[in-house]
Amino acid sequence: MIALADKITKSFGGRVLYAAATLQLNAGERWALVGPNGAGKTTLLRIIMGQESADEGTVSFAKDTTVGYLEQETKLAGNKTALQEVVDSAHEIKHLQERITQLEGLISTTKPGPELDSLLQQYGKDQDRFERLGGYELEARAKEILAGLGFPVEDFDKPAMDFSGGWQMRISLSKLLLRHPDLLLLDEPTNHLDLESVQWLEQFLASYDGAVLLVSHDRAFMDACVSHVASLENKRLYTYTGNYSDYLKQREDNLEQLRAKRAAQERDIQHMEVFIERFRYKPTKARQVQERVKKLEKVKSELVVLPEQSKKVHFKFPDPPRTGDMVVSLNHVAKWFGQNHVYDDVDFKLYRGDHVSLVGPNGAGKSTLMKIINGTFLPTKGTVELGQNVTKAYYAQHQLETLNAANTVLAEMDEVAPGWTTSDERKLLGAFLFHGDDVLKKVSVLSGGERARLALAKMLVAPEPLLLLDEPTNHLDIDSVDVLEEALKNFPGPIILISHDEHLVRAISNKVIDVRDHKATVYDGDYEYYQFKRAELEAVNAGSGSAVLSSAVSSHERQQEQDQASKGRNVKTKEQRRAEAEARKAQNKALRATKRRLKEVEAALGPAHERYEELMKAMASEELYNDSQKFDEAMKEYNALSKKIPRLEEEWLELSEKIEEGSE
């Protein structure tokens with residue numbers, strides 16, 4: 001046991017957040033703390049950290065436990081570089097190093113006996129911990145962590161205070177990971193990270209040997225790295241084993257069991273009440289009636305109370321004005337910032353219905369590309385053209401600053417929703433989790449998450465045909481992300497999205513643009529297709545690397561080969577054998593990925609063909625033509641399938657040929 005939060009009760013004013021909440025954290029366990037907005041997740045982290053006190057209950061730790069806490073907001077000061085800021089944070093490691101040096105001096109001057117034995121025992125203990133915390137390669141580990149979280153090498157020596165707030169959060173996270181505390185408390189650690197940094201963090205946490213407790217809205221992230229889930233529901237804390245998807249299934253299974261038990265109890269109550277009412281005044285049934293009265297009281301006292309279900313508000317957002325087929329065209333675009341060369345020759349077109357995710361390593365220029373499309377930045381070379389009737393809406397974190405702090409939430413909506421009734425505005429705000437009196441709050445008192453939800457709601461009241469969204473899920477909870485996801489999935493216009501939330505990217509993308517190495521490569525398929533093509537490319541590169549290795553044989557070894565060949569022998573060098581093994585491994589990996597993708601394509605093709613045939617039959621009926629809304633929806637789906645099916649069939653042929661070639 002590393003930490004135990006035992007029977008914690010916490011209230012704010014007259015509202016109870018949770019009562020008798022108990023959570024034990026053990027080494028090697030990685031917990032996600034989940035629950036609706038306002039359930040008190042951050043408060044529980046702060047109670048465990050000792051920054052807030054509980055009304056009741058206790059928090060205890062194992063002896064000598066170290067605890068690290070990453071808050072949602074952080075600010076670095078001073079003139080230290082990013083690397084020095086991270087290295088200098090490892091106070092325990094440096095303290096251990098000093099103590100080990102002192103012990104070495106004492107051991108060298110102490111005579112054999114109990115005192116020396118005690119010093120040697122302490123020396124061994126400190127040495128083991130120093131090694132486990134990576135003390136011998138402290139700076140190398142700091143560089144590895146900074147690189148993993150997206151810092152380019154040239155930024156290691158940049159003053160930490162010169163970085164933006166998002167990058168300072170990454171530095172703070174780097175400091176925590178380097179310190180390697182026994183208990184790691186993380187509040188929204190993926191905010192301000194890009195997809196590749198999130199995936200690196202997933203791998204880091206998945207092998208963490210201490211205990212981890214994190215709050216996150218990123219479902220794919222929690223699926224990849226947590227082993228347990230603690231859920232705050234209806235003022236109680238419930239624990240589950242498994243990742244986030246396992247938790248959802250277990251919770252639904254538990255709820256089904258509760259519903260079944262409640263239904264059985266209600267049936268028993270009904271039967272007993274009928275019996276009691278029917279035979280209440282019949283002397284011959286008096287004993288049976290009394291038995292049922294007692295049993296009825298017992299069943300009612302044990303009646304299962306079903307948990308309240310979070311409110312799911314569905315709202316159909318207005319369609320944007322219709323545009324021409326081509327929405328935006330980038331023609332040989334290049335961009336420089338002084339000596340910083342971002343792009344060479346970016347050339348692509350996006351069309352109506354494209355839902356595009358920009359992916360790639362941090363610093364490659366994803367946000368810059370979005371700002372060029374928006375017109376915030378002008379390209380150094382090349383042109384950006386918008387299609388017919390295309391107007392755009394751009395969302396980024398700084399957009400929150402444009403909200404009027406003096407307005408109420410409802411007044412802020414009034415400004416962008418002329419002609420809407422208060423009821424309509426409340427319904428839309430409800431879709432973004434502003435319920436009841438929430439709409440009367442002043443913008444000035446809203447949290448970061450609430451401001452983000454309000455800004456997104458304002459954007460979707462009367463959406464422009466082209467939506468540009470840069471990290472729209474930062475500071476949102478899972479329910480809010482669900483609302484946004486549904487809105488974007490059903491949005492008929494084009495979307496360009498940058499997000500670290502893999503679940504959202506998977507849900508809405510039908511095209512991916514990979515920005516890296518001064519280029520922007522378009523993948524005309526969903527995120528799974530992009531991942532498959534990237535894995536295939538990496539396998540090819542690994543094979544090429546092996547080929548280079550096999551040709552890099554020393555002159556001495558070449559001479560040995562020639563000598564062996566002159567004797568009629570065909571002996572391969574160690575490097576050649578290793579290179580050939582690496583090449584075979586890369587080829588097999590690529591073939592496995594190809595087969596896996598072929599199954600995915602086949603699984604998508606069948607339903608697509610079936611739905612296409614259904615739509616063809618439906619559009620032949622006069623009934624559909626008479627319902628203009630249904631007809632428009634059917635045509636929209638028909639046009640999408642008309643593009644999707646040929647693309648899948650072409651990919652199926654390409655994959656089949658590759659598998660045949662790889663099997664020969």
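# Briefing: strands, cores and salt bridges

His-332 counts as partly exposed, because its relative accessible area is 49% and the exposed class begins only over 50%. The model is predicted. His-332 sits in strand E10, and E10 belongs to an open sheet of three strands. Elsewhere the structure holds 39 salt bridges, and its largest nonpolar core has 49 residues.

**The sheet around E10**

- The three strands follow the order E11-E10-E13, and their pairing is antiparallel.
- Strand E11 (340-351) and strand E13 (381-386) form the edges, each pairing on one side only.
- On average, neighbouring strands of this sheet are turned by 15° against each other, direction ignored.
- As a general point, strands of a sheet pair through backbone hydrogen bonds, either parallel or antiparallel.
- Strand E10 covers residues 326-337 and is joined to E13 by five bridges.
- Helix H11 (residues 366-374) lies across E10, E11 and E13. Its angle to E10 is about 125°.

- Which phi value does His-332 have? It is positive, about 55°, although the residue is not a glycine.
- Asn-234 also has a positive phi, near 50°, and is a residue other than glycine.
- Asn-234 lies in a loop, between strand E8 (228-233) and strand E9 (236-241). His-332, by contrast, is placed within strand E10.
- Asn-234 has a relative accessibility of 35%, so it counts as partly exposed.

- Lys-175 forms a salt bridge with Glu-85, with the closest N and O atoms 2.9 Å apart.
- This pair links distant parts of the chain, 90 residues apart. Lys-175 is in helix H6 (residues 165-179), and Glu-85 is in helix H2 (residues 82-88).
- Glu-273 forms a salt bridge with Lys-300, and here the closest N and O atoms are 3.5 Å apart.
- This pair too links distant parts of the chain: Glu-273 in helix H9 (residues 244-279) and Lys-300 in helix H10 (residues 286-301), 27 residues apart.
- Glu-273 is partly exposed, with a relative accessible area of 38%. Lys-300 is partly exposed as well, at 45%.

- Lys-489 forms a salt bridge with Glu-486, the closest N and O atoms being 3.4 Å apart.
- Both residues lie in helix H15 (residues 478-489). They are three residues apart, about one turn of the helix.
- Lys-489 is partly exposed at 38% relative accessible area, and Glu-486 is partly exposed at 38% relative accessibility.

**Nonpolar cores**

- In general, nonpolar side chains of soluble globular proteins tend to be buried together.
- Within the largest core, of 49 residues, those with the most contacts inside it are Leu-177, Leu-186, Leu-205 and Leu-214.
- Helix H6 supplies the largest share of this core, six residues.
- Leu-186 is in contact with residues beyond its neighbours within four places in sequence. Among them are Leu-45, Leu-70, Leu-173, Leu-176 and Leu-205. The list also includes Val-212, Leu-213, Leu-214 and Val-215.
- Another core lies apart from the largest one and has 45 residues. Tyr-395, Leu-454, Leu-460 and Phe-491 are among them.

**Packing of H5 and H7**

- Two packed helices are described by the angle between their axes and the distance between the axes.
- The axes of helix H5 (residues 138-148) and helix H7 (residues 195-206) come within 9 Å. They cross at roughly 135°.
- Why are H5 and H7 called oblique? The crossing angle is roughly 135°, and only angles over 145 degrees count as roughly antiparallel, so the two helices are oblique to each other.
- On the H5 side, Glu-144, Ile-145 and Gly-148 make the contact. On the H7 side, Ser-197, Trp-200 and Phe-204 make it.

How values were computed
Residues numbered from 1 in each chain as written. Predicted model: local features only at pLDDT ≥ 70, side-chain atom pairs only at ≥ 80, totals over all residues. Heavy atoms only, no water. Pairing = 2+ DSSP bridges. Helix = DSSP H or I, 4+ residues; strand = E, 2+ residues; numbered from the N terminus. Axes fitted to C-alpha atoms, helices over the stretch in contact; angles between N-to-C directions. Contact = heavy atoms within 4.5 Å. Salt bridge = Lys/Arg side-chain N within 4 Å of Asp/Glu carboxyl O. Buried < 20%, exposed > 50% of the residue type's maximum accessible area, 1.4 Å probe, protein only. Core = buried A, V, L, I, M, F, W, Y, C linked by side-chain atoms within 4.5 Å. Parallel < 35°, antiparallel > 145°, perpendicular 65-115°, else oblique.
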